[in-house]
Amino acid sequence: MVSCPRCGRQNLPSATACSQCGATLPAAMPIGAPVSDGAEEYARQMAAREAVRRRNRMLIGAVALRHFLTGQSRRSAHRAETR
Ligand SMILES: [Zn+2]
């Protein structure tokens, strides 16, 4: 149970606001889970995910640029041939 910081009412651990006064409750963590470790693990996962996302974006950008450049040169070569 999570006790309300304002009125002291016991709320369900899943509750985000007090059922009595409506005050915002501190984020309930699973019982037994070390709060700091959980936050660190979460931050580490997010950082790793962001790194992968950034790398993928760079790869996609490089491939798109190559397609763009080859398309341009092919187009200009074709134009040169038809003229
Ligand atoms: Zn309350």
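Hi everyone, let's start with confidence: in this chain the mean is highest in β2, at 94, and lowest in α1, at 81. That matters for us, as what we have here is a predicted model. Averaged over the chain, the pLDDT is 82, and 75% of the residues score at least 70. A word of caution for anyone new to this: where pLDDT is low, the predicted coordinates should not be read in detail.

Now, the layout. How many helices and strands does the chain have? There is one helix, and there are two strands. β2 covers 10-11 and α1 covers 35-82.

How much of the chain is buried? Of its 83 residues, 4% count as buried. And the contacts? Take those between residues at least 6 apart in sequence: 5% of them join residues at least 24 apart.

Is P13 buried or exposed? P13 counts as exposed, because it has 11 C-beta neighbours inside 10 Å. Now look across to A27, which is 14 residues away along the chain: the C-alpha atoms of P13 and A27 are separated by 8.6 Å.

Next comes A17, also found in the loop between β2 and α1. A17 has 12 C-beta neighbours inside 10 Å, so it counts as exposed; the cut-off for exposed is 12 or fewer. A27 turns up again here: A17 and A27 are ten residues apart along the chain, and 9.6 Å separates their C-alpha atoms. Leaving out residues up to four places away in sequence, A17 touches G22, A23, T24 and L25.

Last stop, C18, in the loop between β2 and α1 as well. Why does C18 count as buried? C18 is buried because 20 other C-beta atoms lie within 10 Å, and the cut-off for buried is 20 or more. Which residues does C18 touch, again not counting those up to four places away in sequence? They are C4, R6, C7, R9, N11, A23 and L25. Finally, pick out G8, ten residues from C18 along the chain: their C-alpha atoms are separated by 9.1 Å.

So, to recap the tour: P13 is exposed, A17 is exposed, and C18 is buried.

Methods. Residues are numbered from 1 along each chain as its sequence is written. This is a predicted model: local features need pLDDT of at least 70, side-chain atom pairs count only at pLDDT 80 or more; totals for chains, interfaces and linings use all residues. Helices (H or I, at least four residues) and strands (E, at least two) are DSSP runs, numbered from the N terminus. Two residues are in contact if their C-beta atoms, placed from the backbone, lie within 7 Å. pLDDT is the predictor's confidence in each residue, from 0 to 100.
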